[in-house]
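Opening the notebook on this one.

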Amino acid sequence: MALQGVSVVELAGLAPGPFCGMILADFGAQVVRVDRPGAPGDVSRLSRGKRSLAVDLKQPRGVAVVRRLCALADVVLEPFRHGVMEKLQLGPKILQKENPKLIYARLSGFGQSGRLSKVAGHDINFLALSGVLSKLGRSGENPYAPLNLLADFGGGGLMCALGIILALFERTRSGKGQVIDASMVEGTAYLSSFLWKSSKAGLWQQPRGENLLDGGAPFYGTYRTADGGFMAVGAIEPQFYKLLLKGLGLKSDELPNQMSMTDWPEMKKKFADIFAKKTQAEWCQIFDGTDACVTPVLTCEEVSHHDHHKERGSFITDEEQGVSPRPAPLLSNTPAIPSSRRDPFVGEHTEEILREFGFSQKEIHQLYSDKIIESCKLRANI
């Protein structure tokens, strides 16, 4: 796999950090998740392919354990607000002095500097400050966040993973590590560069929800079907719009011009009335194989059974019969080989990880005795 041989120490956190670590693990990195003893584990359920080390970072000797790991690791990934790692004596200045090749990835909401760097927040707050949330929502309604996907996972975890890969590549030339300041606010804004770059093209001149790509156009939106399902329509180009009208049983010469914005509300009502007369399956049969850009809105339960996804193996099943997306993108020579095992219990691999990083059995026994580390090996074998 592409990241085979790369050693990552991930400080346990919520959603964005675990996702970033899972991407690295899926593509071959050896990821050690540092958990707090007694913690419930990764509530985000994004620890595929990782191993867990339970160590008490409130104790200096616990911190010393993690420092020894980082001295031999390629990457450390931490998800805390600015200053937390420094208080633990695990900041980049200390760790990179001990390991100049270490890539230190800092994934936070507001970044490592600025007046908000120590303030709490969640996806919706980061999305709001990125400017992107102001563009999301229906006409006349409040802005709304599309789940916690954009900031947490797109502008956060995924952008941080990109930074780590870039730093690993640069290290092949300089031999040195570097610090990655991955701000979810900035990552989300960067992910949405199209909004800024296209602002002078007239795409966003109307109020929110009344533009070409935000639900204003009748040919770019979703419609309810007779059986309560939905169809997604994205027939922007004239040739695709023509096929959409054909499938709906409409004639273009009897309708307003496609780009007549004043007619869009009425056209949306017309399209909605037509879509409501047939089931989702019936509309799929009409549009399947055409370039009308009309597709069913699949539920998470339906998506893995879709013919296209089955042909490509787009979804995978783990040993507990849980279904999830196959890692993407698909590399021709070194594709990801995601683990099919369950997520690790907290401390399940404590002892084997410490041995791999050079701890003697005597040291490990002493750390157990002093309650610096924890293991749930017996629980894992039940």
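Terms, for my own use: helices (H or I, at least four residues) and strands (E, at least two) are DSSP runs, numbered from the N terminus. Two strands pair if DSSP finds at least two bridges between them. Contact means heavy atoms within 4.5 Å. For angles, axes are lines fitted to C-alpha atoms, for helices over the stretch in contact, and the range is 0 to 180 degrees between N-to-C directions.

This is a predicted model, where local features need pLDDT of at least 70 and side-chain atom pairs count only at pLDDT 80 or more, while totals for chains, interfaces and linings use all residues. Residues are numbered from 1 along each chain as its sequence is written, and side-chain values use heavy atoms, with hydrogens and water left out.

**Hairpin**

How many bridges hold β7 and β8 in the antiparallel sense? I get five, with β8 covering residues 230-234. T222 has A232 as its bridge partner in β8, and R224 has F230. The two strands form a hairpin with five residues between them, and G228 in the turn has a positive phi of about 90°.

**The seven-strand sheet**

Next I checked the other sheet: seven strands, open, in the order β6-β5-β4-β1-β2-β3-β12, with mixed pairing. β6 (179-183) and β12 (373-374) are its edge strands, each pairing on one side only. Strands β4 (residues 75-78) and β5 (residues 103-108) run parallel and are joined by four bridges. Across that pair, V76 stands opposite Y104 in β5. Helix α1 (residues 16-26) packs on the sheet, touching β1 (7-11), β2 (30-35), β4 and β5, and its direction makes about 165° with that of β1.

**Whole protein**

I count 15 helices and 12 strands in the protein. The C-alpha atoms fill a box of roughly 85 × 45 × 40 Å along the principal axes. Of the 382 residues, 43% are buried; buried means under 20% relative accessible area, exposed over 50%, and partly exposed in between (1.4 Å probe, protein chains only). Among contacts between residues at least 6 apart in sequence, 65% join residues at least 24 apart.

Which peptide bond did I find to be cis? The one from A328 to P329, with omega near 5°. P329 is in the loop between β11 (323-325) and α13 (350-356).

I also noted positive phi values in residues other than glycine. A15 has phi near 30° and lies in the loop between β1 and α1. R45 has phi near 60° and lies in the loop between β2 and β3 (51-55). Is A15 buried or exposed? A15 is buried, at a relative accessible area of 11%. R45, at 60% relative accessibility, counts as exposed.
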